[in-house]
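Please open the model in a viewer and keep the sequence beside it.

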Amino acid sequence: MRKKLVAVLMTACMALSLAACGSSKSTGGSADSGDNKQITVGFSQVGAESDWRTANSKSMKETFSEANGYKLIFDDAQQKQENQISAIRNFIQQEVDYIVLAPVTESGWDTVLKEAKDAKIPVIIVDRMVKVSDDSLYTAWVGSNFELEGKKACAWLDAYLKANKKDSEKINIVDIQGTIGASAQIGRTNGLEAAVKEHSNWNLLAKESGEFTQAKGQEVMESMIKQYGKDIDVVYCENDNEAFGAIDALTTAGYKVGPDGDVIVMSFDSTNAGLTDVTNGKIILDTECNPLHGPRVKEIIDKLQANQTVDKQQYVDEEIFAADDTVKSVTVDGKEYAVTATTKDVISKRAY
């Protein structure tokens with residue numbers, strides 16, 4: 001009798017144990033539950049060519065952290081499209097939930113994005129755009145209106161020259177372009193070239209790629225100084241790092257940079273380092289390009305997780321920073337944009 005009672009009790013305990021194990025899988029707070037499933041994001045980054053790019057990568061890594069419920073697979077393409085294509089295919093093989101791509105150039109993506117679409121993996125493009133035959137190959141794009149950035153910079157230059165009574169003088173400009181074929185390069189170059197066409201006294205002496213790097217920016221500026229020398233009035237750099245290199249080349253060659261000097265330097269990005277040069281007049285204007293895309297991409301993924309529709313293109317708001325308050329605002333395509341006179345206090349509030 002005693003043995004039978006023990007057997008019954010053991011059977012009951014086993015049943016309760018199995019029931020408990022089964023119930024743990026359906027508990028709402030379980031890491032295995034659908035609501036709390038870790039989301040895997042594969043991110044193909046262009047590289048680490050600039051301060052802007054470093055801030056962009058940091059934003060993505062901080063947003064898509066394990067603490068926030070994500071697994072981020074980060075790949076640095078080192079400025080090579082073939083590396084990005086390989087990374088995307090690896091993401092597909094790993095069956096990630098989402099692919100995020102910061103493309104090195106606009107073209108050449110149809111085949112690999114079609115592979116991602118066939119695998120039913122949403123692709124979110126950040127920063128630079130892509131040109132594809134079928135827009136359904138990617139889900140959404142987040143970034144800057146690069147041509148508008150160029151237009152704002154040139155509208156400021158026009159107003160600045162007028163304020164200093166130099167609008168009737170011949171103005172010689174050189175353009176240190178970004179990586180050729182990148183959206184930022186295309187937009188900022190187009191903005192400048194359109195403005196040059198509108199001003200009969202503006203002369204675009206030369207344009208050459210500085211590849212968005214300080215070293216190449218310096219090299220290009222040195223070459224332009226040898227060719228054009230004191231004829232240069234304005235150096236239009238398509239990012240901050242190129243501007244740093246250009247300033248180094250100009251000062252080494254004996255040129256004074258700034259509003260009271262031989263040449264003025266304009267830039268894009270508005271990183272902390274760039275704005276520091278704005279406060280000392282080395283960069284006279286820095287048009288913002290906001291790199292903090294992580295939270296914006298997360299918003300898109302949150303909506304997709306909730307089966308909500310998302311906007312195909314999402315432009316970010318950006319500011320204009322000048323060395324002084326000579327020009328307080330500019331108007332582009334009928335819209336007015338404020339210009340901020342940069343101070344150390346302004347820089348201290350920047351996130352990158």
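Select Lys 162 first: this residue is partly exposed, with a relative accessible area of 48% (buried means under 20% relative accessible area, exposed over 50%, and partly exposed in between, with a 1.4 Å probe and protein chains only). The side chains of Lys 162 and Asp 158 meet in a salt bridge, 3.2 Å from N to O (a salt bridge is a side-chain nitrogen of Lys or Arg within 4 Å of a carboxyl oxygen of Asp or Glu). Because Lys 162 and Asp 158 are four residues apart in helix α5, about one helical turn separates them. Helices (H or I, at least four residues) and strands (E, at least two) are DSSP runs, numbered from the N terminus.

The model is predicted: local features need pLDDT of at least 70, side-chain atom pairs count only at pLDDT 80 or more, and totals for chains, interfaces and linings use all residues. Residues are numbered from 1 along each chain as its sequence is written, and side-chain values use heavy atoms, with hydrogens and water left out.

Next, select Asp 118 and Lys 114. Their closest N and O atoms are 3.0 Å apart in a salt bridge. Both belong to helix α4 (residues 110-118), where they are four residues apart and so separated by about one helical turn. Lys 114 is partly exposed, at 40% relative accessibility.

Continue to Lys 349 and Asp 345, which form a salt bridge with the closest N and O atoms 3.4 Å apart. Is Lys 349 buried or exposed? Lys 349 counts as exposed, at 65% relative accessibility, while Asp 345 is partly exposed, with a relative accessible area of 45%.

For a network of salt bridges, select Glu 49, Arg 53, Asp 127 and Arg 128, which are linked in this way. A search of the whole structure finds 18 salt bridges.

Two packed helices are described by the angle between their axes and the distance between the axes. Here the angle is about 35° and the axes of α5 and α6 are 7 Å apart (axes are lines fitted to C-alpha atoms, for helices over the stretch in contact, and angles run from 0 to 180 degrees between N-to-C directions). Residues in the contact include Phe 146 and Cys 154 of α5, and Gly 187 and Leu 192 of α6 (contact means heavy atoms within 4.5 Å).

Turn to the sheets. Which strand order does the open sheet of six strands have? The order is β2-β1-β3-β4-β5-β11, with parallel pairing (two strands pair if DSSP finds at least two bridges between them). Its edge strands, β2 (70-76) and β11 (313-315), each pair on one side only. Within this sheet, select Ile 99, whose bridge partner in β4 is Val 123. Helix α3 (residues 81-93) packs on the sheet and touches β1 (39-45), β2 and β3.

Finally, display the open sheet of eight strands, in the order β7-β6-β8-β9-β10-β12-β14-β13 with mixed pairing. Strand β6 (residues 171-177) pairs with β7 in the parallel sense over seven bridges. Select Asp 175 and, opposite in β7, Lys 207. Helix α8 (residues 240-252) lies across β6, β8 (234-237), β9 (264-269) and β10 (285-288), and runs at about 160° to β9.
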